[in-house]
Number of protein chains: 4
Amino acid sequence: MTVRFGLLGAGRIGKVHAKAVSANGDAKLVAVADPFAAAANAIASAYGCEVRTIDTIESSADIDAVVICTPTDTHADLIERFARAGKAVFCEKPIDLDTARVEACIDVVAKTKGKLMVGFNRRFDPHFMAVRKAIDDGKIGDVEMVTITSRDPGAPPVDYIKRSGGIFRDMTIHDFDMARFLLGEEPVSVSATAAVLIDKAIGVAGDYDSVSVLLQTASGKQAMISNSRRATYGYDQRIEIHGSKGMVAAENQRPFSIEVANGDGYTRPPLHDFFMTRYTEAYANEIAAFISAVEKGTDISPSGADGLAALKLADAAVRSVKEGKLISVA
Amino acid sequence: MTVRFGLLGAGRIGKVHAKAVSANGDAKLVAVADPFAAAANAIASAYGCEVRTIDTIESSADIDAVVICTPTDTHADLIERFARAGKAVFCEKPIDLDTARVEACIDVVAKTKGKLMVGFNRRFDPHFMAVRKAIDDGKIGDVEMVTITSRDPGAPPVDYIKRSGGIFRDMTIHDFDMARFLLGEEPVSVSATAAVLIDKAIGVAGDYDSVSVLLQTASGKQAMISNSRRATYGYDQRIEIHGSKGMVAAENQRPFSIEVANGDGYTRPPLHDFFMTRYTEAYANEIAAFISAVEKGTDISPSGADGLAALKLADAAVRSVKEGKLISVA
Amino acid sequence: MTVRFGLLGAGRIGKVHAKAVSANGDAKLVAVADPFAAAANAIASAYGCEVRTIDTIESSADIDAVVICTPTDTHADLIERFARAGKAVFCEKPIDLDTARVEACIDVVAKTKGKLMVGFNRRFDPHFMAVRKAIDDGKIGDVEMVTITSRDPGAPPVDYIKRSGGIFRDMTIHDFDMARFLLGEEPVSVSATAAVLIDKAIGVAGDYDSVSVLLQTASGKQAMISNSRRATYGYDQRIEIHGSKGMVAAENQRPFSIEVANGDGYTRPPLHDFFMTRYTEAYANEIAAFISAVEKGTDISPSGADGLAALKLADAAVRSVKEGKLISVA
Amino acid sequence: MTVRFGLLGAGRIGKVHAKAVSANGDAKLVAVADPFAAAANAIASAYGCEVRTIDTIESSADIDAVVICTPTDTHADLIERFARAGKAVFCEKPIDLDTARVEACIDVVAKTKGKLMVGFNRRFDPHFMAVRKAIDDGKIGDVEMVTITSRDPGAPPVDYIKRSGGIFRDMTIHDFDMARFLLGEEPVSVSATAAVLIDKAIGVAGDYDSVSVLLQTASGKQAMISNSRRATYGYDQRIEIHGSKGMVAAENQRPFSIEVANGDGYTRPPLHDFFMTRYTEAYANEIAAFISAVEKGTDISPSGADGLAALKLADAAVRSVKEGKLISVA
């Protein structure tokens, strides 16, 4: 079976998914929709698919699944429409910035027996997958303490930040998901600190640019997250998991693995400077997992519930900073 | 000038300092005191010094300085006695487990115009010193976020733990000092989580074996500390500092820098398995700094005030865990 | 302009090039030829091209260029035929195992004003390219000494070895090309040692499995090459260049950049176990360079002359081992 | 038993050995001799020993062993004198630059049943010892191919070079010894190339500054040595051994294990810039091994025969360069 795709949104991330779908032998990109005709046409021309409206894709019999890459505030509505239309849905994170809206959306998906995958791409990074596999293979025993470092090369425009839901819901949410993925047990408490150290305009916009978070599970497992909107040396993405028998860590990635040595010392190049080059394989693996689950009718992961759980941790982190205390999560 | 030393306590750490003093060209080990005659005699014989009582050392005209390596509950009293006796004092951490007692002791030192150095040996590790120098040299701009990882190869006996003041005052206190040393600004809040993941007997003794701490300064600088009483791969001691212009980190140390590669992969040996081999140079540098300050009459660092500040952070961490909230420190 | 391709040979390496051509936006795979219909059909079906005979491809007006992936003993003939037919030719190394035959072939290419690129794929590895760029950017000053390590995960079948021309012409030839690429000056002498240490059957077949080579240029620059047909830890491919101002090196590559630490030490996974996964990007870059040169009418590199030069070094190495002396090359 | 030492020569390396002897609990430095009174007095004062003449030391009943750190051209004579005097002898390499003289000297040692250790300090480096142990423990199976990289931070004065016997006898000789130590089988052939790439004055003095050497044993094991008189990034000392089951390598050493990351990449500091700081532990271990062998009456290694074997390989390398061929060694 070939899974036939409609792509909603032809922007930056839409292009990534168009390429991943087209390169996958079990999938076919049938149509793309975008209010900007030029963007839709560019994808249509590059990958040999049609341009259709969202409405038309919704009613297209030749489309089995959609990839939602539209603005965040349209996600929940589109998920509901396409779940009702019987299409499998892959949606970029987040489902919505409001937990009540996310819960309502997940209800609709459940009632329509829909399929929904949320785009936590990092779970599909080959290096992080190898870490997960090392844990599953018993290499480190029981997981006890997780450290996640996630630093962006540079801050996004303040306009983006204003619409982002704040650093915890926009950036840390990936790390909350990763912590859940690695801890193997739900966090029950969140403590966070946050500050504006990089750009005062971010503070004026009501957000932070440098945050630290502690999570703890019922049995006492702990996760620490360190986030910054700036890393002069590139896109810093590390995880380190300590267990009862040992430790496993994923190293940073750089485009060129060379080293120059001279009187100043030994220098390796900066890391990737962009999430798309850093996570190229993760995006392809993610879509492949979605296609495989749709084809085989198996459970989809990460699910809407995973999206909701990460959002609740983000909300708790926001409260922890405001109230200066540890916040319990159900 | 040669600084003439009396050593109080001939146990494990006493031997380390006896060796460091003896090997230092500007110092001379004159006498050692210990209630266990065999221990004192062993040091006397190895380093060619006399065995005296503490009382005799206190009144010895041929002794300029003492190194206090006796049990913790004797530290404050001995510091006061020897400050009053006009001897420069190097005391192993902590001064005391009770902040009021520490404050009283520091008062006595101040009133007697005494000299007191507290044994936060890690400040003198050549690798951590190089990190500090990189910061001072402006290599990373303004310090913003610090991550300290400190994991012991194995837990001490439960009997030790009962007398230790708990993991925050016994183990994390080194990391609190290191955070202060590196942040360059006093922490104003502490959030901590703690659990018993390794050995239930530690929990029965009222302590934890796995803890995570967040510190924040008034300007928003943050430090994260991760501690465990167990690391199967050796003594894990890392620091990583992010600043406005970049990052500097100190790597772990191992006794043998080799790598074996075969079908299982590339394997480097475990780290040092003991704090004394890991920090051999730090102990020698520490005593050298004390000797130099005594000789030249310069300020001594880390001082009693540094010991007190770290203890207050430890107390705040204990409260944070108990009360489930961020604790402000003056 | 789109460069339209015919693929000669649908075996293992043919598939690699079929994929690279098809994925390149400036090229189109028009036809494939292979005596094994199933192999040709598989490529035709996967990439939407036709199956034709070599004769038909030779006379096809809709084909601008060919990729020769047929057995080695057909290379020179096919290069000549397609050069005469006015097609640009990309040929897998080697052109031939006999230098006289290679020279004759290059003559034909020259007389027909043909375009010929020889498949020294490693020049296009992004890490080795970054090394070359570091040299070109003056990072290490004048190149002085080069060390190349090239070890295969395992020996090929003895049947292959018998037809291979021997380890120097089959395996070391890549390193001879890399040495020429990096030294920036032609070697004038070759010293080699060789032994059978891995598999006696290789010796019975008249070949070696473990060889070491020294090259020197007229001005005294030196290159050392270490080759083995076995590396239990994966495909070992390193280069290290020392210059008047410093050193630049390319590190090995592994599929998963993780590290597991426990009582046995710190272990990273083995390297790639296959040249195709190790050099995936190199193959794509190589074809892209060929396409670009054909499109723009620019010089092609590595050329037939490069293939010839490397072969002459291989011949000299064979002689050096046999005669126990340094062999001068013109 | 305490081994009582006389030190002959109070120069740079003499100081290293004075310190190592004095710090060793099983040895005592009794006397030092040097024609420069100031140098001898400095050591006498620092370590509490007497200043005596060489003649007096030779006849001193309170001296069991000597360390010879005098100029090279005095070594063989002094070894013979002190062997005849019944003192155990530790002599800095080389015994002499002439093999016939070395053979005669070894004869005298044998006839007098003397004890002689030659100062190939690198065998006692803890990292190289760990490599040797990994081989002995069967971690890599049978040794097959060895690569030794040895690059000095900078060239010595030309005056030194003139008296040095040339780079092969002065510098590469350490690597010849290391190759023998690691191969576990005697080399039977030597091929070398050599050039002047760094400083023309070195060429005018009749020497080279950049050399490459291939060694092969009777069974086909191979060693490659790369030497340069200049390394801008510090003292480059690496060994890598490939065996039938895997590889073991010793990494370079640097004084500070930190890393700074910024827009220019990730930079670790240069290596040690001096052989004395790089090999501090090796010098102490070396003297400890000598003391232990003298105390216990066990065999001494490396012996005079080891010094002779390395010198013969150096002589063969010189001939190989001159004659442009592989040189067989007995």
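# Strands, charges and rings in a predicted model

Q: Which residue is the bridge partner of A:Ala261 in strand 14 of chain A?
A: Strand 14 of chain A pairs with strand 13 of chain A in the antiparallel sense. The bridge partner of A:Ala261 in strand 14 of chain A is A:Tyr266.

Q: Which residue of chain D is the bridge partner of A:Thr267?
A: Strand 14 of chain A also pairs with strand 14 (residues 265–268) of chain D, antiparallel and over three bridges. In that strand of chain D, the bridge partner of A:Thr267 is D:Thr267.

Q: Which strands stand at the edges of the six-stranded sheet in chain B?
A: The sheet is open and parallel, with its strands in the order 3-2-1-4-5-6. Each edge strand has a single partner strand, so one side of each is left without a neighbour in the sheet. The edge strands of chain B are strand 3 (50–51) and strand 6 (116–119).

Q: How many residues apart are B:Glu103 and B:Lys312?
A: B:Glu103 and B:Lys312 form a salt bridge, with the closest N and O atoms 3.4 Å apart; the term means a side-chain nitrogen of Lys or Arg within 4 Å of a carboxyl oxygen of Asp or Glu. The pair links distant parts of the chain, with B:Glu103 in helix 5 (residues 99–111) and B:Lys312 in helix 12 (residues 304–323) of chain B, and their separation in residues is 209.

Q: Are B:Glu103 and B:Lys312 buried, partly exposed or exposed?
A: Buried means under 20% relative accessible area, exposed over 50%, and partly exposed in between (1.4 Å probe, protein chains only). B:Glu103 has a relative accessible area of 34% and B:Lys312 one of 40%. On that scale B:Glu103 and B:Lys312 are partly exposed.

Q: Are D:Arg123 and D:Asp306 buried or exposed?
A: D:Arg123 and D:Asp306 form a salt bridge at 3.7 Å between the closest N and O atoms. D:Arg123 lies in the loop between strand 6 (116–119) and helix 6 (126–136), and D:Asp306 in helix 12 (residues 304–323), 183 residues apart in chain D. At 10% relative accessibility for D:Arg123 and 12% for D:Asp306, the two residues count as buried.

Q: Which residues does D:Arg180 touch, leaving aside those up to four places away in sequence?
A: D:Arg180 is in helix 8 (residues 167–183) of chain D and is buried, at 13% relative accessible area. With contact meaning heavy atoms within 4.5 Å, D:Arg180 touches D:Arg123, D:Glu186, D:Pro187, D:Asp306, D:Ala309, D:Ala310 and D:Leu313.

Q: How many disulfides does a search of the whole structure find?
A: A disulfide here is a pair of cysteine sulfur atoms within 2.5 Å. The sulfur of B:Cys105 is 7.7 Å from the closest cysteine sulfur, in B:Cys91, and so too far for a bond. For C:Cys69 the closest cysteine sulfur is in C:Cys91, at 8.1 Å, also too far. The number of disulfides over all chains is zero.

Q: Over which ring does the charged end of C:Arg278 sit?
A: A charge sits over a ring if NZ of Lys or CZ of Arg is within 6 Å of the ring centre and within 35 degrees of the ring normal. The charged end of B:Arg132 sits over the ring of B:Phe181, 5.7 Å from its centre. The charged end of C:Arg278, at 5.5 Å from the ring centre, sits over C:Phe128.

Terms used. Residues are numbered from 1 along each chain as its sequence is written. Chains are lettered from A and ligands numbered from 1 in the order in which they are written. This is a predicted model: local features need pLDDT of at least 70, side-chain atom pairs count only at pLDDT 80 or more; totals for chains, interfaces and linings use all residues. Side-chain values use heavy atoms; hydrogens and water are left out. Helices (H or I, at least four residues) and strands (E, at least two) are DSSP runs, numbered from the N terminus. Two strands pair if DSSP finds at least two bridges between them.
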